[in-house]
Amino acid sequence: MQASQIEIVPFGPDHLEAAVALSRQAGWPHRTEDWQLALALSDGMVAVEDGKVVGTVLVTPYKGDCATINMVIVDETMRGRGLGRKLMDAALLTAGDRPLRLVATTAGLPLYQKLGFHETGTVLQHQGHAGEIAAPAETEAATDLDGIAALDRLAFGADREGLLSYFAGIGAFAVIRRDGHLSGFACLRPFGRGEVIGPVVAADLGQARKLIEHFIARRPGRFLRVDTTAETGLSPWLAEQGLAHVGGGITMKKPLANDAADPTATTFALASQALG
């Protein structure tokens, strides 16, 4: 049977169990709750062959600013038949006229390059059981999302208020203030085998470390994950905290022809794969 006989349909509640199984097959840690979070914020499609889900893709729009493509998974028995391209074509149609972002595996890189995406960096995933450290004095818990959303918009270059509001409902935020103004924040939320710290936005490297320390200090011995990039220089320090480098991915963008310069140039932001 050829890939052309596979149907791409909207992701429905009855596809959730099969999607979790596909992510486990791929070696990803997503729980049912993690998929539900992603679906609550995204438009999803699945590839179905003879009633069986054999592929998934999600498109997460951030208003009209941009969209991210997530959870591109093809059943291992279906690879090499063009199904990844079909899923991506459906995702591009769903995203419409928005700049696009994704995190690619090495295997998926050639396809994304053919579709006009270009590399922008490398994500380094760190995880493990956190050690004991002292809580920094400069950080504080926060519940007011207005300033957090504004700072995130500056760092990410798009309005993610909906995402942050969802995270506030299941997790916690910490902030740093300088001269009475919000200058950095971090989020802690349940994910996979434990919890993930991210997104993290800060004015500099030292501030980013303190925001991460805020949550590590409150989770000694717990399983934590932090995603960063090689450019931040955080990788060795994270390993010292018990969060080993275990892999990562390649950040990519598909910009519009008239895209403005990347606003993250003046703001320190960790590469948080927000939906896992």
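Predicted model: local features only at pLDDT ≥ 70, side-chain atom pairs only at ≥ 80, totals over all residues.
In which helix does A19 lie? Select A19 in the viewer: the residue lies in helix α1.

**First stop: A19**

With A19 still selected, colour the chain by accessibility. A19 has a relative accessible area of 0%, so the residue counts as buried. Next, show its surroundings. Apart from neighbours within four places in sequence, A19 is in contact with F11, W35 and T56. A19 and D75 are 56 residues apart along the chain, and their C-alpha atoms are separated by 10.0 Å.

**The whole protein**

Please zoom out and display the chain as a cartoon. The protein contains eight helices and 13 strands. Its radius of gyration is 19 Å, close to the 19 Å that the globule rule gives for 276 residues, so the protein is as compact as a globular protein of that length. Taken along the principal axes, the C-alpha atoms fill a box of roughly 60 × 45 × 30 Å.

Of the 276 residues, 50% are buried. When contacts between residues at least 6 apart in sequence are considered, 72% of them join residues at least 24 apart. If the charged side chains are coloured, 25 are positive and 31 are negative, with the centres of the two sets 2 Å apart.

Select H30, which is placed in the loop between α1 (16-25) and α2 (32-41). Is H30 buried or exposed? Its relative accessibility is 3%, and therefore H30 counts as buried. Although H30 and R193 are 163 residues apart along the chain, their C-alpha atoms are separated by 8.2 Å.

Not counting residues up to four places away in sequence, Q127 touches R193, F223, L224, R225, G242, L243, A244 and V246. The relative accessible area of Q127 is 19%; since buried means under 20%, this residue is still classed as buried.

**The cysteines**

Select C66 and C187. How many disulfides are counted? The count is zero. The closest cysteine sulfur to that of C66 belongs to C187 and is 18 Å away, too far for a bond. C187 is likewise in no disulfide, the sulfur of C66 being its nearest at 18 Å. C66 is buried, with a relative accessible area of 1%, and C187 is buried at 0%.

**Backbone details**

Most residues other than glycine have a negative phi, and most peptide bonds are trans.

- Select M71 in strand β4 (residues 66-74). Its phi is near 55°, a positive value in a residue other than glycine. M71 is buried, with a relative accessible area of 7%.
- Select D179, found in the loop between β8 (172-178) and β9 (181-191). Its phi is also positive, near 55°. D179 is exposed, with a relative accessible area of 78%.
- Select G198 and P199. The peptide bond from G198 to P199 is cis, with omega near 5°. P199 is placed in strand β10 (residues 194-202).

Terms used:
Residues numbered from 1 in each chain as written. Heavy atoms only, no water. Helix = DSSP H or I, 4+ residues; strand = E, 2+ residues; numbered from the N terminus. Buried < 20%, exposed > 50% of the residue type's maximum accessible area, 1.4 Å probe, protein only. Disulfide = S-S within 2.5 Å. Rg over C-alpha atoms; globule rule 2.2 N^0.38 Å. Contact = heavy atoms within 4.5 Å. Lys, Arg positive; Asp, Glu negative; His and termini not counted. Charge placed at Lys NZ, Arg CZ, Asp CG, Glu CD.
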